[in-house]
Amino acid sequence: MTLHIFARIGVGRNKREFYLKRMKREVRERWINTDVLIIDEISMINAKTFDLLHEIASKVRLENEELFGGMQVFACGDLLQLKPIEGDYIFKSKVWKKYMSSSMILTKCYRQKEDPLFFNALNEIRLGEVSEAAVQYLMRRHFTSDNLIDNSYLRLFFLRGNVFKYNELKMADLRGKAIYFKAKDNILDKSITLTSFQIPPDVTVKLGAVVMLLKNINVEEGLCNGAVGKN
């Protein structure tokens, strides 16, 4: 889960007392029972939020003045990549400066190890010093029309509505009978709407349609978030 969901702080713009007063029992128990907290994509957490989380944890965990009330914290990520949406970088946090003294730099690449040219281009972009060779390499994969791109490639869109529209167009191109599935959910909490979920209330599938998992089911067998297959 995301760090904000773990702590139930929403966008995290309020003071510690605001969240302590409204904290539900399951959230309080989560803070108390967590011994090790691993935060991925740490660059996206701003300094103010990190300090706020420390203040909440210290209060919930019996006024403990250690980092996050005595919790062991692993912060993972690349500070040269995604920056916070707002606020200062996390390393400007008072808590970060005081407690986060031990660091480890990973230097071996696994994801792009079979394509060193692509790896080098990505690393140059990461450092903000892109060579002409890297530009030319990446431009080889630049297409002016969607029709020129292999159908097996994933398409990324900024808006969810555009994703649904594109999927509907590709589904219409497939031959065969469409099968419809409608969710049978009983939502008890009136504050929750269908738009809160990642998947639509009804789904249409056809033989040969491309599908993607949106959550981990069995990581060992490759059934994880982002895995792609065909019906």
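Reader: Is Asn120 buried, exposed or partly exposed?

Author: Good place to start, and keep in mind that this model is predicted. Asn120 counts as partly exposed because its relative accessibility is 40%, and partly exposed covers what lies between under 20% for buried and over 50% for exposed.

Reader: Where in the fold is Asn120 found?

Author: Look in helix α6, which spans residues 116–127. Along the chain, Asn120 and Ala134 are 14 residues apart, and their C-alpha atoms are separated by 7.6 Å.

Reader: Now the cysteines, please. How many disulfides does the model have?

Author: A disulfide is a covalent bond between the sulfur atoms of two cysteines. With a cut-off of 2.5 Å between the sulfur atoms, the count here comes to zero.

Reader: Let's go inside. Which residues have the most contacts in the largest nonpolar core?

Author: They are Trp31, Phe50, Ile56 and Phe68, in a core of 27 residues. Several elements supply at least two core residues each, among them α1 (3–7), α3 (25–33) and β1 (36–39). The largest share, six residues, comes from α4.

Reader: What does Phe50 touch, leaving out residues up to four places away in sequence?

Author: Its partners are Ile39, Ile45, Phe68, Ile90, Ser93, Val95, Trp96 and Met100.

Terms used. Residues are numbered from 1 along each chain as its sequence is written. This is a predicted model: local features need pLDDT of at least 70, side-chain atom pairs count only at pLDDT 80 or more; totals for chains, interfaces and linings use all residues. Side-chain values use heavy atoms; hydrogens and water are left out. A nonpolar core is a set of buried Ala, Val, Leu, Ile, Met, Phe, Trp, Tyr and Cys residues joined through side-chain atoms within 4.5 Å. Buried means under 20% relative accessible area, exposed over 50%, partly exposed in between (1.4 Å probe, protein chains only). Helices (H or I, at least four residues) and strands (E, at least two) are DSSP runs, numbered from the N terminus. Contact means heavy atoms within 4.5 Å.
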